[in-house]
Amino acid sequence: GKITSEPTSTLPAPSTTTRPRHLIGNSINTITDAINDNIIVARYSTIAAISLLTVYGISKTPIFFRYKNVCDLPSSLFANRRTIHGRIVHVVENDIPTEWK
């Protein structure tokens, strides 16, 4: 056969208003325009959100947990058999809870 660079068939283009790709594209353009119109607010909102999430995440790490005594440890640590790293800073004789006796 003969090789040509022309397409063998031409399909009619579907209506651009009903295509999901067109709807998504328009939505993204609308969002992008809103962000560009308010770029300073968007920038500082993003910085604030990242900062707050970072502080929240760090504050929930075990490094910052302090317990006065063993009874303050949550039972979930024992039920889930989690390793507890810590330092004993003070031992008091006869400081055993009554439920342990």
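Helices (H or I, at least four residues) and strands (E, at least two) are DSSP runs, numbered from the N terminus. This is a predicted model, where local features need pLDDT of at least 70, side-chain atom pairs count only at pLDDT 80 or more, and totals for chains, interfaces and linings use all residues. Residues are numbered from 1 along each chain as its sequence is written, and side-chain values use heavy atoms, leaving out hydrogens and water.

The protein has three helices and zero strands. Along the sequence, the pattern reads α-α-α.

Confidence comes next. pLDDT is the predictor's confidence in each residue, from 0 to 100. The protein's mean is 78, and 71% of its residues reach 70 or more. Among the elements, α2 has the highest mean pLDDT (93), and helix α3 (residues 75-79) the lowest (81). Where pLDDT is low, the predicted coordinates should not be read in detail.

Now the surface. Accessible areas come from the Shrake-Rupley method with a 1.4 Å probe; for residues, only the protein chains shown count as cover. The protein exposes about 10,200 Å², and carbon and sulfur atoms supply 59% of that. Buried residues (under 20% relative accessible area) make up 3% of the 101 residues.

Which residues make the nonpolar surface patch of about 590 Å²? They are Ile31, Ile35, Ile39, Ile40, Tyr44 and Ile47. Nonpolar side chains (Val, Leu, Ile, Met, Phe, Trp, Tyr) are joined within 5 Å, like charges within 9 Å. α1 (20-37) and α2 (39-59) each supply at least two residues. α2 gives the largest share, four residues. Ile31 lies in helix α1. Ile31 counts as exposed (over 50%) because its relative accessible area is 52%.

Methods. Patch = residues over 30% accessible without salt bridge, like charges linked within 9 Å, V, L, I, M, F, W, Y side chains within 5 Å. Salt bridge = Lys/Arg side-chain N within 4 Å of Asp/Glu carboxyl O. Buried < 20%, exposed > 50% of the residue type's maximum accessible area, 1.4 Å probe, protein only.
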